[in-house]
Amino acid sequence: MMEHEDISNENLAGHLLVAAPYLDGAGFHHSVIFLSRAEKEFVIGHILNHPAGMNVGDVARHTEIPESLYTVPIFKGGPVERDQLIFAAFIRTEDKLRVQFHLQEEQALKYQKNPRAILRAYVGHSGWTPPQLRRELNDRAWYVSPMVPDICLETDFSKVWAMAMRRLSPLHHIMSHAPAQPSLN
């Protein structure tokens, strides 16, 4: 786990944000977010473990999107710009995982044919200004973790958050088993 004092925008891209157990607003309950871009003015990520329960074909029948992409599953990327659909590929190599967001349809079609790639579509994204994210990190609403291929590629999305928490530290492992509202216990 990276300490928030060590974080600069330049080294956030490619990391995971893991929601604190009590974080519930804006659809972030038990979210794990892949940070796809970190610039001077903003940080953008996409939630890995909130499938929308539909495929591209369910929303793109009267668009220019090629029919062969209709089977790609859609995920809820976050609360920002939910009117946009983007494609992302998670490509396994011998020793690591490469992740590409904001693919053009032609690129998505190529990755769809690659047996080492997993193709997903995202509606919306999660976004922060650097001061906003730093404040949320200081408030311990999020924990920063290096990207872990097993977490990004897990297909049982109900396990992703607990997997990410357990990798942070022994304390986070314990926290991964806590009820959402411990005071009600």
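This is a predicted model: local features need pLDDT of at least 70, side-chain atom pairs count only at pLDDT 80 or more; totals for chains, interfaces and linings use all residues.

The overall fold can be considered next. Six helices and nine strands form the secondary structure of the protein. With a radius of gyration of 17 Å, close to the 16 Å that the globule rule gives for 185 residues, the protein is therefore as compact as a globular protein of that length. Along the principal axes, its C-alpha atoms fill a box of roughly 50 × 40 × 35 Å. Of the contacts with a separation of 6 or more, 62% join residues 24 or more positions apart.

The interior remains to be described. Buried residues account for 45% of the 185 residues. In soluble globular proteins, nonpolar side chains tend to be buried together. Here the largest nonpolar core has 43 residues, and Leu17, Phe90 and Trp142 are those with the most contacts inside it. Helix α5, spanning residues 160-168, gives the most to this core, contributing seven residues. Another core lies apart from it and has 16 residues, including Ile65, Phe87, Ala89 and Ala121.

Leaving aside residues up to four places away in sequence, Trp142 touches Leu17, Val18, Ala19, Ala20 and Leu23, among others. Its contacts also include Phe28, Ser31, Ile33, Trp128, Leu133, Glu136 and Leu137.

How values were computed
Residues are numbered from 1 along each chain as its sequence is written. Side-chain values use heavy atoms; hydrogens and water are left out. Helices (H or I, at least four residues) and strands (E, at least two) are DSSP runs, numbered from the N terminus. The radius of gyration is taken over C-alpha atoms; the globule rule is 2.2 Å times the number of residues to the power 0.38. Buried means under 20% relative accessible area, exposed over 50%, partly exposed in between (1.4 Å probe, protein chains only). Contact means heavy atoms within 4.5 Å. A nonpolar core is a set of buried Ala, Val, Leu, Ile, Met, Phe, Trp, Tyr and Cys residues joined through side-chain atoms within 4.5 Å.
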